[in-house]
Structures are given as C-alpha cells and as structure tokens.
Amino acid sequence: MIFGLVTSPAPWGGIGLNKKAESCLSGLNGAGAPWVLVVEDEVLIRNFVESALAEAGFDVLAVVRKEALATLNEQAAAVRALITDIGIGSGISGWDIATHARELHPRMPVVYLSGHGEADWPAQAVPDSLMLRKPVTSAQVVAAVSDLLNKPHT
C-alpha cells in the first residue's frame with residue numbers, strides 16, 4: 001500500500017494524514033508488513049523508492065523534508081524503518097531526521113541515501129545504519145531495508 005499526506009496543517013498543529021492513510025495506519029499496530037517512512041524531496045527519487053518498496057511488499061509512506069518530523073511524532077508506533085536523503089533542502093537534514101527517529105525508537109532501521117554525503121557518514125550517521133549512494137537500484141533499496149529489519153539486536 002502507498003499512502004499520502006495532506007500538506008495542510010492538522011488542527012493540533014502537525015501535518016494531517018489524509019483519510020485513506022489514516023485508516024490504513026490505524027490497522028498497522030504490529031500486524032502486517034513493516035511500514036517504511038521515506039523522506040526525499042526529489043519527486044522522481046521519492047516515487048522510485050516508494051514503488052520499489054511497495055512492490056517488495058512493504059507498506060510505505062513517502063514524505064518531503066517539511067513533513068518528516070511531524071510524521072515521525074504523530075505516527076511513531078507505526079514506523080518500522082526510515083529511508084532518508086541526507087541533503088533535502090535548507091533546514092533540517094537527513095542526519096537530523098534519523099537522530100530524531102532513533103530518539104523515538106532506539107533500534108529503528110535507518111538507511112541514508114546520498115549522492116555526495118558518504119564521507120560524512122561515519123561521523124554523522126546513527127549507529128547500525130546503512131548508506132546507499134545515488135543512483136540506487138530497487139534491489140539495493142529493498143535489500144538494505146530488509147537486512148536492517150532482519151538484523152538481530154543485541
């Protein structure tokens with residue numbers, strides 16, 4: 001399943017989910033496929049990653065940078081993994097989004113996407129994360145998320 005967000009603010013100050021996403025997410029409390037949050041501001045890459053994961057059987061919610069933190073805060077229990085671009089415009093970075101996700105869920109699988117940031121990965125990334133250099137294939141995206149979700153935690 002692929003979900004979408006409404007870009008208008010919700011009454012409580014966050015980003016509101018559309019009705020389809022809201023009803024689907026309400027049924028994801030532990031059952032079914034892992035729900036992956038994809039944060040990418042380039043629409044072609046976001047759609048590509050979203051499609052690759054959906055075709056592999058993952059439930060996916062793809063958002064742009066400005067919606068990422070609100071989505072994590074409002075849907076923390078449903079998010080099972082995060083894929084984020086590092087350079088996603090001005091303001092908050094993919095490094096910041098991943099750090100926030102790990103504050104909510106210390107073992108959340110994190111996959112970074114970048115065309116240029118891999119040199120900073122050892123210093124900036126959250127522990128036990130993966131870096132994929134753009135351009136990526138659908139198999140790389142699916143394998144990275146699957147590997148982290150299946151990795152035993154100590």
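Begin by selecting helix α6, residues 138-150, whose 13 residues reach 18 Å from the first C-alpha to the last, close to the 18 Å expected at 1.5 Å a residue; the expected span is 1.5 Å times one less than the number of residues. The structure on your screen is a predicted model, in which local features need pLDDT of at least 70 and side-chain atom pairs count only at pLDDT 80 or more, while totals for chains, interfaces and linings use all residues. Residues are numbered from 1 along each chain as its sequence is written, and side-chain values use heavy atoms, with hydrogens and water left out. Helices (H or I, at least four residues) and strands (E, at least two) are DSSP runs, numbered from the N terminus.

Within α6, select V141, V142, A144, V145 and L148, which are buried; buried means under 20% relative accessible area, exposed over 50%, and partly exposed in between, with a 1.4 Å probe and protein chains only. Looking down the axis of α6, you will find its buried residues within an arc of 160°, so they line one face of the helix; the arc is that of the directions from the helix axis to the C-beta atoms. An α-helix has 3.6 residues a turn, so residues three or four places apart point the same way. Now select A139, D147 and N150, the exposed residues carried by the face turned away from the buried side.

**Strand β7**

Next, keep β7 in view: five of its five residues are buried, with V110, Y112 and S114 on one side and V111 and L113 on the other, so that both faces are covered. β7 pairs in the parallel sense with β6 over four bridges, and L82 has V110 in β7 as its bridge partner. β7 also pairs with β8 in the parallel sense, again over four bridges, and here V111 stands opposite L130 in β8. Two strands count as paired if DSSP finds at least two bridges between them.

**An aromatic pair**

A search of the whole structure finds one aromatic pair. Select W95 and Y112, which form this tilted pair, 4.8 Å centre to centre and with 50° between the planes. Rings of Phe, Tyr and Trp (its six-membered ring) pair if their centres lie within 6.5 Å, and planes under 30 degrees apart count as stacked, over 60 as edge-to-face and the rest as tilted. Because W95 lies in helix α4 and Y112 in strand β7, the pair ties together parts that are 17 residues apart in sequence. W95 counts as buried at 9% relative accessibility, and Y112 counts as buried at 0%.

Move to the loop between β8 and α6, where P135 lies, and inspect the peptide bond from K134 to P135, which is cis, with omega near 0°. Then go to the loop between α5 (121-124) and β8 and select D128, a residue other than glycine whose phi is positive, near 60°. D128 is exposed, with a relative accessible area of 53%. Most residues other than glycine have a negative phi, and most peptide bonds are trans.
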